[in-house]
Amino acid sequence: MPLFRPSRRALLSMAAAAPTLTLPLRAQAQALGAPTASNPAHMQFSLGDMTLTVVSDGHLELPANSLGVNADPEEVRAFLESYFLSTDTNYAHANHLVIQTGEATVLVDTGSGNRFLPTAGRLAENLGKAGIEPSAITHVLITHAHPDHIWGIRDDFDEALFPDAAYFAGQTEYDYWMQDDLVNQVPAEMQQFVVGAVNSFQVDGVDWTLLANDQEVVPGVRVTDTPGHTPGHISVIVESNGQQLIALGDSMNHAYMNFAHPDWVNNFDMDAETTQTSRKRLLDMAAADRMAVLGYHFPFPGVGHVRTKGEAYEFVPALWQW
């Protein structure tokens with residue numbers, strides 16, 4: 001079974017990322033220009049009786065050659081060019097879901113904080129701009145323990161950023177990162193990820209509730225196992241009055257490639273075959289049941305639907321009347 005891990009080059013490229021929103025020259029030739037910093041970084045809508053808010057943690061700038069690592073590089077390059085995307089840099093947004101049920105306010109993932117890339121770590125600031133105070137968060141749900149999803153759990157004093165919340169993660173995910181001596185069992189370039197995951201899970205003042213497949217966090221919010229990207233990755237299904245949305249986490253991380261080529265995996269998908277199986281199950285389910293989806297790394301706000309297109313799929317961004 002193929003196993004993919006981020007290459008040393010990918011990690012070094014992330015570490016050297018400049019704290020700027022300016023696109024490289026190649027991307028400037030393809031794009032319409034960089035957005036201004038004054039644009040809204042949250043978007044709110046309803047799902048049945050619930051209020052959902054997508055809040056940005058910023059974005060990541062990753063090497064584009066980390067995409068489609070099991071495909072012909074020239075075919076991947078041609079695909080990116082056909083969508084007017086940079087063939088050098090993959091711009092991955094970080095879209096967090098806040099679910100307000102009336103009784104609970106659930107935050108999905110905690111972002112990067114100031115411990116990962118300089119272009120991310122905006123979650124706390126943007127929650128405030130959305131009118132959501134840290135004390136209002138009643139539940140924090142982690143899809144998986146990669147840096148951009150859990151390292152923001154602590155503030156600068158190493159205390160939990162949401163001190164009044166109950167914390168939830170998948171049992172399998174927690175067990176993987178917390179196993180004895182994992183840091184010495186992974187390649188050197190992955191050791192920082194392990195240390196960061198352990199430190200995040202062990203943050204002072206947090207007691208974890210560990211979830212099984214299909215377990216409910218609050219009424220209308222449950223998890224579904226979608227392993228592959230990490231061994232215990234979970235996605236989140238939200239349902240109210242017959243309307244449903246799936247927060248995909250990183251089971252799908254590219255709004256075009258993962259739909260047109262669901263078999264293509266990236267350098268951070270730890271188990272390629274299992275990633276493909278989980279992805280196809282989600283795509284089939286969302287398309288058949290007309291469920292909305294939220295892609296964590298899709299272009300902000302990352303909300304849309306899935307439709308079949310021949311033997312593949314297509315992401316259809318949601319449209320609202322303003």
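## Exercises on the inner spaces

**Exercise 1.** Find which residues lie nearest the centre of the largest cavity in this predicted model.

*Solution.* Start with the lining, which consists of 18 residues. Nearest the centre you will find Leu 60, Leu 62, Asp 250, Phe 268 and His 297. Next, look at the elements: β2 (50-63), β3 (89-100) and α5 (147-150) each give two or more residues to this lining. Finally, note the volume of the largest cavity, about 210 Å³.

**Exercise 2.** Work out how many cavities of 30 Å³ or more the structure holds, and describe the second largest cavity.

*Solution.* The structure has 2 cavities at that cut-off. The second largest cavity has a volume of about 50 Å³. By class, they split into 6 nonpolar, 2 polar and 1 charged.

**Exercise 3.** Now turn to the second largest pocket: how much space lies in it, and what lines it?

*Solution.* Begin with the space, about 260 Å³. The second largest pocket is lined by 17 residues, and Leu 47, Gln 243, Gln 244, Ala 292 and His 305 are the closest to its centre. Two or more lining residues come from each of β1 (42-47), β11 (243-247) and β13 (303-309). To finish, count the classes in this lining: 9 nonpolar, 6 polar and 2 charged residues.

Terms used
Residues are numbered from 1 along each chain as its sequence is written. This is a predicted model: local features need pLDDT of at least 70, side-chain atom pairs count only at pLDDT 80 or more; totals for chains, interfaces and linings use all residues. Side-chain values use heavy atoms; hydrogens and water are left out. On a 1 Å grid over the protein atoms alone, a cavity is a set of points where a 1.4 Å probe fits but cannot get out, and a pocket is an open set with protein on both sides within 12 Å along at least five of seven lines; lining residues have an atom within 4 Å of a point. Grid points are joined across faces, edges and corners, and a volume is the space filled by probe spheres set on the points. Helices (H or I, at least four residues) and strands (E, at least two) are DSSP runs, numbered from the N terminus. Ala, Val, Leu, Ile, Met, Phe, Trp, Tyr, Cys and Pro count as nonpolar, Asp, Glu, Lys and Arg as charged, and the others, Gly among them, as polar.
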